[in-house]
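Please read these notes with the model open beside you. Each point takes up one part of the structure.

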Amino acid sequence: MSVVIAEIEKEEVNEIEGCFERLNSLRELALAFEADEIFNKKSNIYQKMLDDTTQTRKRFDMWWDKIIEKYDLQDYKREEMRVDFLSQEITLVKSVENCQV
């Protein structure tokens, strides 16, 4: 069950979609590194990946902070908000355990 709580601009969607895709790619790369313990402990590439993940997560969090402020969404839990990249909408998605049938 989801409810539209805001419509955002295309540029805002593009920004968060880029962060989202980058974080997913970095997660996949981390999984590949986990398979080779010697490589991931000593590799400069592994450290760069960790640094990139940290920076991308900061950009992701800053985007949400900006959007919550701009669209006056402070009354909602961030964990329950989702961005639909196609419709440019932010929806509120309640967890199944909180929904009544």
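1. Two strands count as paired if DSSP finds at least two bridges between them.

2. A word on the source. This is a predicted model, in which local features need pLDDT of at least 70 and side-chain atom pairs count only at pLDDT 80 or more, while totals for chains, interfaces and linings use all residues. Residues are numbered from 1 along each chain as its sequence is written, and side-chain values use heavy atoms, with hydrogens and water left out.

3. The protein has three helices and three strands. Read from the N terminus on, the order of elements is β-α-α-α-β-β. Helices (H or I, at least four residues) and strands (E, at least two) are DSSP runs, numbered from the N terminus.

4. The three strands form an open sheet in the order β1-β3-β2, with antiparallel pairing. β1 (2–7) and β2 (81–84) stand at the edges with a single partner strand each, so one side of each has no neighbour in the sheet. From one strand to the next, the twist averages 35 degrees.

5. Thr91 has its place in strand β3. Its relative accessibility is 13%, so Thr91 counts as buried (buried means under 20% relative accessible area, exposed over 50%, and partly exposed in between, with a 1.4 Å probe and protein chains only). Leaving aside neighbours within four places in sequence, Thr91 is in contact with Ser2, Val3, Val4, Ile5, Glu80, Met81 and Arg82. Contact means heavy atoms within 4.5 Å.

6. Next, the helices. Helix α1 (residues 10–34) packs with helix α3 (residues 44–70) at an angle of about 150 degrees, and their axes are 9 Å apart. That makes α1 roughly antiparallel to α3 (angles over 145 degrees count as roughly antiparallel, under 35 as roughly parallel, 65 to 115 as roughly perpendicular and the rest as oblique). Axes are lines fitted to C-alpha atoms, for helices over the stretch in contact, and angles run from 0 to 180 degrees between N-to-C directions.

7. By class, the contact of α1 with α3 has 14 nonpolar, two polar and eight charged residues. Here Ala, Val, Leu, Ile, Met, Phe, Trp, Tyr, Cys and Pro count as nonpolar, Asp, Glu, Lys and Arg as charged, and the others, Gly among them, as polar.

8. Gly18 is found in helix α1. With a relative accessible area of 32%, Gly18 is partly exposed. Gly18 and Thr56 are 38 residues apart in sequence, and 9.5 Å apart in space from C-alpha to C-alpha.

9. How does α3 sit relative to the sheet strands, and at what angle to β2 does it run? α3 lies across β2 and β3, running at about 95 degrees to β2.

10. Two loop residues deserve a look. Asp72 lies in the loop between α3 and β2, and its phi is near 55 degrees, a positive value in a residue other than glycine. At 58% relative accessibility, Asp72 counts as exposed. Gln88 is in the loop between β2 and β3, with phi near 65 degrees, again positive in a residue other than glycine. Gln88 counts as partly exposed, at 23% relative accessibility.

11. Finally, the protein as a whole. Of its 101 residues, 26% are buried.
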